[in-house]
Structures are given as structure tokens and as C-alpha cells.
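Please work through the following exercises with the model open in a viewer.

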Amino acid sequence: MAADATPSPGGKHVGQRLKRREDPALIRGQGTFIDDVRLPGMLHLAFKRSDVAHGRIVRVDTSAARAMPGVRLVATGADLQGVLPSVPVITPFPYPDHPAVTPDKVRYVGEPVALVVAEDRYQAQDAVEAIEVTIEDLPAVVDAETALRGEPALLHEGFANNVALRIISGTGVTEAAGTQDPEAVDNRELDAAFETAEVVISQRMVNPRIAPSAIETRGVVAQYEATRPYLTIWSTTQRPHAHRRFLAAALGLGEHQARTIAPEMGGGFGAKKIYGEDFVAAALSKQLGAPIKWIEDRSEAFLTTTHARDVIGQIELAAKRDGTVTALKARLVADIGAYEMLLTAFIPTLTHGLLSGGYAIPVIRSELIEVFTNKMPTDAYRGAGMPEAIFFVERSMELLARELGMDPAEVRRKNFIRPEQFPYKTAAGNEYDSGEYERLLDATLELAGWEEMRAEQAAARAAGRLVGLGMSFYIELCAIGPSTMFPDGGWEHGSVTVERDGRITATTGASAHGQGHETSFAQVLADQFGIEPETITLLHGDTAVAKQGVGTVASRSLVVGGTALLMAGSKVKAKMTRFAAQLLEAREEEIEFANGEVGVAGGGKLSFEEVASYAYAPQQLPAGTEPGLSEEAFWEPPGMTFPYGCYIAQVEVDRETGEVALQRFVGVDDCGTIVNPLIVEGQIHGGIAQGIGPALTEELRYDEHGQLLTGSFMDYAIPRASDLPRFELGVTVTPSPLNPLGAKGTGEAGTIGATPAVVNAVVDALSELGVRHVDPALHPEKVWRLIRGGER
Amino acid sequence: MSEKVPVEVRVNGELRSAAVEPRLLLVHFLREELGLTGTHVGCDTSQCGACTVLIDGRSAKSCTVFAVQAAGSAVTTIEGLAEGEALHPIQEGFWEEHGLQCGYCTPGMIMAAASLLKENPDPSETEIRSGLDGNLCRCTGYQHIVNAIARAAQQG
Amino acid sequence: MIPAAFDYRRAKTIDEALALIGETAEEARFLAGGHSLIPLMKLRFSQPDRLVDIMHVPGLAGIWERNGQVGIGATTRYVELERSRILQDVLPVVAEAAGEIGDPQVRHRGTIGGSLAHADPAADLPAVMVALDAFLDIVGPQGRRRVQAEDFFQGFFTVDLAEGELITEMRMLPRRTAAYAKLHQKASHFALVGVAAALEIEAGNGADGVCRGARVAVTGLSTHAQRLRGVEASLIGERLEEEVIRAAAERAPEGIEEVNDDLHGSAEYRREMAKVFAARAIRRAAARA
């Protein structure tokens, strides 16, 4: 079975730069995105949102709105109490209630307080403008560290000092998932490591709050049919099956009475899962007996699509003078915003697990405090807890190199987990699957021309220019599973049907939105069956089509979803083998799949159509075999995969303005087996851009009243083409032993690794001015102040 | 609400008319009135460029133009770029070079590129990048988009 | 984001445009390229009852040289300024500044008259017009009048334009030795600070390279585009050597009040950047001598 399920990386299609099968429709403008879904009689929903960060609703006057043309319904949070369930959260820890439309208190700017349903979008917006809300202000809680003292206010009853969760993990903690009881922690090993350290690095570092910023905003179209009863809901969700589960429950339906369709989706990056607006649309469709559509504005998206990161770390590293790191200690304060969304509390807990980076650090301890503030909740965003960890570790390694006067590459080399140590259980608790870190580091140094870069930098500096080089070595944690590791299930589902004409229809629970599954999964199946990808169609993103699924999150699609598909495929192949053996009067062991045929080497051959048409109308069933060729499989990985890579950035800082020009970006990534290099490159490129953004420009900023100052693309800068250099990239391939493909995942790699590389480069550029550390985003004025401080 | 007024716009070579509110944005006219949903909306402050179309041959953000302003003009949308089955060289380039992932910014990106290449048929990489200053992509990191446009320029 | 309802009229002549604005008691606005107005309307910060589209008025767009002056029609789009051979030859600063505005799509639609009338404190062209000592021709119910650009910009989104008045044309003298330098706000591409410098530089007579006249104007620094008189004074009568330029640029913040201060740049930073970009604009202008 295992051998059968393994398409070799040198297979005919796996490893090829196959053009994407998704593209012909998209490049013609023929994709169907959420706002393209139109149903007869459809009504339009719009929200009145709080413009106050923290306060009590005194009055919501909807009388003028009700009288406006085309308006079918105006409702306040109070009107909807009992009609709508609360926004769902998946967490083992206590969390506050989060109404989809708040009836009493507002806790962030943008929180829905009332809504309008009208015949068209323009009328709905007009009526929203006519709703008058009176709110009695409460002090806004905007600073996480102040919030921890319970000041200036408490957000939720039952959460003293605004603390959502406090958890201690790592060395000296017996529970793998960490403990909430400081008394249960054994500090002896940690204390000894720092007492005997020859060098200690200590630095406070901040990961700014950022906006995922998929170019398509969120949206939903809900259609409730009372007579069946049945809910069909189109939504921008990366997790259609979880969406269906929560939406069905919201309307008091069973999962068998609901269908979620994720149409083509304009990016997700972790932020598009399950939101209160979807509940509202579904409930109102039921109430009004008409389909309801809601499309988020970009202004709303900045306020109300989940934010990310916003973690302050106090990082301490103990080391020997030869560069060997002996311990790492982290105190993390995560500002999670006003409520919890689906995985809000879970995401910061992922940081601990990667605090070992690529290094054999024997002692690792973290304390994480999650705190409520009057801001939009945070949740998963590309990297989800991992960019924070790698930023902390890689900034620390750079600080250590500087402290010791070592080449940053050599400090890293000194501490790498060595190939023979895999599988390697880190002191942070994760078991890394495989890796050849030093080989990849050397490949990166060679690709970059590290020595030449250093020489050119020295020459530029001698000429008075502020040129800096920065390095990062990242580890990514992928394919979250098995289910013990992921609170909502660690498997994926796939099905393979050989149709009567011999063509294949496959389904996957991993709902793609730009990742190219229809192409790469078809490549995998084509090699498994010895056929061409053109004869395979992959369907996804519809719970009525893909029977079960977890979703496209956590860089797990190919690893977990691809393997599930292979498992289903091998069941179908087994049946085809039995039918073919019977038809060819051969032994099953003799049957081979090659060149689109099934048969015996040097003997009789059958087309897929011949086998299939017999399988669907068998004149004589092989013993113990059902007719038909359709199988499904769930696959749960035995453990997680850990791709890795090394990035080198070169920047030049304008001494007069503080502007940072990113001149070169060089990197080598290892994501195990590569099915489609074109798609992997695309993932890496996009990931890198999303890591460069928060290093240089991306930062959500709230003022002291909890007003979002960066609420549009006029004020929040995601990278443009002209902000980026041409990336110079290479790969090494170290297959994962944990799945038959040997794949590791690659979706988040670039984002995790790029931020510290760029920040390290800027700090390096400024080092001659005595700058030791600076937190992103590296806005020109921030950098200019450092330069001016250094020149004085 | 203001009176609807008649507008006549030549869209993808065909004269299209409708009675619209003066405040109807061109992008909504194209999407809602004409069903040309290839033109997307990604922001509300004229930054992202997902709504880019050609008005009288030049790229414009159709979210920042009223349909009534376009009356009498020729508008080309992504749907009007290919000639039947044959893809436009820029579309071909995007496919060949993997210039798209989710595909949402793609129509606007392609229309911006069409305008760029019309004005500058042989752009340098720097010119391609600055020619895309009005378009945001969150998936690709732009490198494959730049490759796609460079390829189209060569083919063109 | 959906604008509030309004009624739309398209004018075929200037007189018709003035009449269409004048006949309504409600708030009426001229509409040119719309790239300043429509974004505000979508956010409902601006809710006019009537828009009078002037883009189809013949003669309002264009760039011409006449009687030793350069004229630019109000509805001339940025892209036309950027590409104009006339401007590239005799007023390269205008083409240069236009090419720095927003992005290609914005430059394809936005107009010079629209930009000046709107007077965003961070817009590029107001500083250029002030530095070039341009005149604005304005027509309104009371007839025609001329205003110097310097007097036209009065404050935060405030200009010398009465209700019902329309800018028709900008006029200025050719000046090759003028340049614009800008620090981009990374998200919006507006000017965090932008400086336009227009210099008269002596040639021949043994006084080669001596600055005989200087007008330097800044945008992004304060409520509206303003002259940097201290900088100008330090340049006049001097040879434009590096120390002179630096010393002059140091005076950029002099006399500028209500300096902008926001998340993209503090007042202190903007003052310093005014110095940096004044020097850059002057150097570039001098290099065109």
C-alpha cells in the first residue's frame, strides 16, 4: 500500500512546472467570487458599527432609517437578542460572550450595533447613515501592559486584570500543553542555565499589530429554505465544513440541513474563517424569507476582519562565549483585542513551540499572557504565532553574534540541530521531522555571495553609506496534526471517483483560494494512476461536494489533504486492479498502471474506460467487491512537518530621510518534496512580500481613544511592486519521513523568515551609529530618529 | 434619491445603455447592470486597482468614476480583452508565468498592464514595477506578475 | 462605500457650467476628473446635491505657449502634463511633479484644476504653482478675475474661490531651472513633504551661476502650499554651491506655522524633511541651468 501510494518525486508530473488549471477562467474575469453570487429576490445587508472603542449603548434611533426607500428591516443588537447565537470560539479555556450584534456594550470601533436590510446596496448604505447611536463613553483600554493592571478599565466580567489566559510552557513544566499554575513549575534547570551563562542577551521586542489584507474583502450570501428546511450559504471561508457546522447550529439545524459553499476567494491568509456577519445573514434569510447578501467594505475590513500578531516579547538568551546557546527564556504579552474569535486564544500559544528555531537549545521556557483591549480581536494570519517566535529567536541570534563579534552565519551554524539528531525533540516540546540545516545555510551563503556582500558592504560604509546585511534562519511548523495537536481535528479528507468514461473526479476537504490545488493535487493523482492531469478534475470548497474537511490553513493542504487523496486513490486502484485482473484473466499482482492503461507488462492492456464501464456494470463481481470505482479516505498525519530556510536581506538606509531601500533579498527554502515548483515559488514570493511588509511599513495603529488611525490603504501600506526587489531564491529538498509524498508545506515560510532578515539588515545598517535593536515597522521617521540619535 | 438618468457607454465594443442613478459608480454599472463581474472591488479609497478598466484606452479605477461620467466613452473590461478563444498576450503571460494565485487582483492588474504596454511597449523591469503602482496584489509578491508583463512585451 | 445621492449635469460651455451651478440653491460642485472629490463622496465626507461635469467643455483642457507664457487648461489631466513636450522643454518641473502624483490610473483621470481647487495639504501641484508664481484665471457669476497661486491657497482645504466660481486656466512663465522633490507617504503616495524650487540663474556676463531669483514652495508641511521665504532669501545673489544650498535649505521651516503632525510624520520630522527636500529640489533645479 505504501509503495503504491507513493508517486516518486521523479514521477512524470510531480516535480513539473505545470501551468495552473485554475487560471484560464481567472485571467478572463470569469471567476465566481462572493460578490458575483446573485440570487433572485436577494436583499442587501449593511451594518451600523460603533465609532466608539468602549462604551455603553444608551440609545439606537432607527426611526429615520426605517422610513427610507427600499428598506425591509432595521434591527438593533437588542432586537436580535435570543435570535442570534454568539460568535463561535474553539478553545479549551474560558472566554467571554461575543454577540454578533452587540445589545449593550461596545468594545471596539467597528463592532456592529445595528443593521439594515434593503433592496439594494445603495439603499442599505443610505439607511445605515440615518441610524443614530448614542453611546456613553467608557475609558478605552489600548495599551496591553497597562491593561494587565486592570487599567484604565475592565473589558469583561470574570476576567480579572483583562487577562484572557496565562500559560507557562517548556523546561520545568510537566504538561506538554503548558500550565496555568506558576506553583507547578520547576525553575531549577532554567535558573542554573542563566547563573552559569558566560553571556546573557536580554531584549524587549515588539511584533506590531497588522492587517491580513486579502484584496477581496469578506462577504456572505445566505439562502434559507423554510419548507425543507435547509440553509445554503456562500461565504468567504477557508474552512467550509467548520463554517457549516457552526452556521447550522446557529439556525437550530443539523449539519445535514446546511451547505456551505466557498466560491473562488480572493485570498484568505488565515483571516477568513467564521464571523458574526455570516450568522446575521443566515438568521435574517430565515426571518425575511429571502436570500441575504453582505459584502464588506475595505473600511470595514480594516476595522473588523481579524487582526494579527501584536505580541511584546521580553527575550533572554544564555550562551557561552563560543556562541553556544544554553537557554532561552521568553515572557510574551499578546494583545488579543476585545473578544475571542475562532482561534484567537490558540494562536499565541503556537509561539512557544518554535522558540527553539533551528537550534539545539537545551532549556526553553516561556510565559504567555493574553490580554483583552478595546481593539479588533486577533486571530490566525499567515504564520500564526510562528513569525513571532522566529522574529524573537533570530533577532536574539543576531544580538548574540554582535555581542560576541561573530559572523551571524557562524553563530547559527554553531547551534544548528545536526542531521543525525532527527527526529529531534526540542526543549519547546516539538518533534522536528528532518533537516539538513547546515547544507541549506551553505547553499544560501553561496547563492548570495556572502563574502562579496560583506566586502561590498564594507566598501559602501567606508564611503559613508548606511548599508546593512541581515540574515534569518526560519523553521515553519506545518501540517498541524494529529487531532491531539489541533483543537478542531488534525486530519483531512479526500475522495477519488473513476467515472464510467475513465476520467477522474476527485474531491478534497482542503478548500483552496489561490494555492493551486486543482493543479498540484491533479499532478499527484496523475502519477499515482499513470495518467495525464487533464483527465482529472479536483473539486473543493463546497460541503455538498467534498463530504468532510478541515480546510486550507496552517500550510497543511498538500501534506495532509494530498495524502488523504492518495489514500483514497489507492483504494480505487485496488478495485481497478481486481476488475482488470478478472477481465484480463491475470493475477492481481501482475496488474500495472501506466500510460493511461491498466494491464500486464508485455501482455493485455485495458483503458481506464474499459475497466470503469465494467466496474459500473459488472457481469460478474470479483469476490468481496462492490460495483463502482469511488472511494474516500481520511488521513491524519502522525506528526507535524518542519520546513525551513535561510534568508539574507541587503538594505540601504537614506541617512537624510530614514527611508529604507531593500536592495537584495536572497534565500533558500526546503519544503521537502516539491510537486509543482511554479506554485511553490509563488507561495514563497508572496510569503516573503508579506514578511517584508510588517518589517518596513505595515503597522495598525490605534490612538489613545481606541480609534484606528490606519483604517485604509491610504494609511496602511502593504508592499507594492516598486517596493520590492527581484527575489533571488533556491531550494534544497529534504523529504519528510512523515507522509508518503515527503512534502512539508510552504505557505507561511516566506512570511516567517522575511521579517527578521529585513529588520536584522536595518539594525546592521544602523549599527555604526550604536543602534542595537529596533522594532518594526521601520517607518522612515523611526529610522531617521535612530540615525539622528546616533549622530549626536 | 435623485432621478435616474440615461447613460450610453460603449463597453467592449458594444453600445450599452441603461437608466442609472447619477451616483452609480462605473464599477457597479459594469458589474450589476451589465453583469460584467470580472472587474472587482478591493478597496474604497482608490488604492488597490482591482477595479481597473480602460476608459478611452487608458487605465482608470472604475470605483472612482461615476457611470454618468463615462457616458459617451469607450470602456474595455477584462472580458473584452481576449479576442474570442485567443487570449491577449498579457493574459497568456499571466498564465505562463504564474502571475496570479487567488485571481482577485488579476483583472485589474492585467488591465493596468495593458495600458502600460500601450504607452511603453518595451518597459524595463523598473518601469513595469512603477507602472503597477496603482495595483495591489497580496498573493504573488509581484515577481511573477512582472515576468508575465515582460513576457507579453516581448511577444507583443 | 457608497456616495449619497446627487443630481448630475454635464456642461457644454463655461456659461452653461456657471448657470448650472448658479441655478440651484443647494450645494453644487464642479466635477472634473473627480479624483479628489469622489473618494470624499464615497466616505460621505462630502455630500453635494449637484455635480456639474466640466470635462466636456471645449477649450478647458490643453497646454499652450502664447506671448511668452505657458497656459494650462483647468481640465488638463496629470498624464498630459507628464507627457507634454512643451512642459518637458520649458517647464520640466510641472511634468516631473505630475509624474509623481498617485499612480498611473490616478494620473489618467485627475486634473490640475481639480487638484488646485481641492487644495489637499499634501497635494503636489499647489507647491509647483506657487513656486512658478503662476496666475489662476477664474470665472464666476461676477465675471473674470486673476489670482496669483500664492494668494489662492489660503489654508486647510481653503482657497480663494467663491461659490460658483471656476478655475479655467493656469498661466506662468517658462522656467527650465525649476524642480520638484518629494518624500512619498508610502501608503497613499501623497507628499509627506514636497518642495518645488524655481530659480533664475545668471548665465554669461562673468556672473555665471549666480542665483538672481528664487521661489521655493512646500507642500505637506502645513495647512496649504506656501513659500519658503527664508530659503529664497539665502539663495538670491549667491552662487549655488553645496554649502549655500545647505545653508539656505536649513531655513525651510522659517515662518511656517501649523505644521502637520500625524502618524506618518511628526511636525519635527516634517520640518527636517522640508530642509532635506528643499536642498534636493534646489540642487536638481540648479542642475538644469
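**Exercise 1. A helix and a sheet in chain C**

Helix 1 (residues 14-22) of chain C lies across strand 6 (135-140) and strand 10 of chain C, and runs at about 135° to strand 10 of chain C. The model is a predicted one. Task: determine the strand order of the open sheet of five strands in chain C, and which strands stand at its edges.

*Solution.* 
1. The order of the five strands in this open sheet of chain C is 4-5-10-6-7, and the pairing is antiparallel.
2. The edges are strand 4 (63-66) and strand 7 (143-148) of chain C; each has a single partner strand, so one side of each is left without a neighbour in the sheet.
3. From one strand to the next, the twist averages 25°.
4. Within the sheet, strand 5 (residues 69-73) and strand 10 (residues 166-172) of chain C are joined by four bridges in the antiparallel sense.
5. For a residue-level check, C:Ile72 has C:Met170 in strand 10 of chain C as its bridge partner.

**Exercise 2. Strand 12 of chain C**

Task: state how many residues of strand 12 (residues 191-201) of chain C are buried, and describe its pairing with strand 11 and with strand 13.

*Solution.* 
1. A residue is buried if 20 or more other C-beta atoms lie within 10 Å of its own. Ten of the eleven residues of strand 12 of chain C are buried, which makes this strand mostly covered.
2. Strand 11 (residues 178-184) of chain C pairs with strand 12 of chain C in the antiparallel sense through seven bridges, and C:Ala197 in strand 12 is the bridge partner of C:Ala179.
3. These two strands form a hairpin with six residues between them, and C:His189 in the turn has a positive phi of about 65°.
4. With strand 13 (residues 211-219) of chain C, strand 12 of chain C has eight bridges, again in the antiparallel sense. Opposite C:Glu200 stands C:Gly213 in strand 13 of chain C.

**Exercise 3. The sheet and domains of chain B**

Task: describe the open sheet of five strands in chain B, then characterise the contact between domain 1 and domain 2 of chain B.

*Solution.* 
1. The strands follow the order 2-1-5-3-4 in chain B, with mixed pairing.
2. Strand 2 (14-20) and strand 4 of chain B are the edge strands; each has a single partner strand, so one side of each is left without a neighbour in the sheet. The twist averages 40° from one strand to the next.
3. Strand 3 of chain B and strand 5 (residues 74-76) of chain B form an antiparallel pair over two bridges, and B:Leu54 has B:Thr76 as its bridge partner in strand 5.
4. Helix 4 (residues 106-119) of chain B lies across strand 3 and strand 4 of chain B, at about 35° to strand 3.
5. The domain assignment of chain B gives domain 1 (5-79) and domain 2 (89-155). Taken over C-alpha atoms, the centres of domain 1 and domain 2 of chain B are separated by 21 Å.
6. In the contact, 16 residues of domain 1 of chain B meet 13 residues of domain 2 of chain B. On the domain 1 side, strand 3 (52-55) and strand 4 (58-61) of chain B each supply at least two residues, and strand 3 of chain B gives the most, with three residues.
7. By type, that side of domain 1 of chain B divides into six nonpolar, nine polar and one charged.

**Exercise 4. Helices of chain A**

*Solution.* 
1. A:Ala574 is found in helix 16 (residues 557-584) of chain A.
2. The C-alpha atoms of A:Ala574 and A:Leu629 are 9.7 Å apart, although 55 residues separate them along the chain.

Technical notes
Residues numbered from 1 in each chain as written. Chains lettered and ligands numbered in written order. Predicted model: local features only at pLDDT ≥ 70, side-chain atom pairs only at ≥ 80, totals over all residues. Pairing = 2+ DSSP bridges. Axes fitted to C-alpha atoms, helices over the stretch in contact; angles between N-to-C directions. Contact = placed C-beta atoms within 7 Å. Domains from an automatic or database assignment. Nonpolar A, V, L, I, M, F, W, Y, C, P; charged D, E, K, R; others polar. Buried ≥ 20, exposed ≤ 12 C-beta atoms within 10 Å, placed from the backbone.
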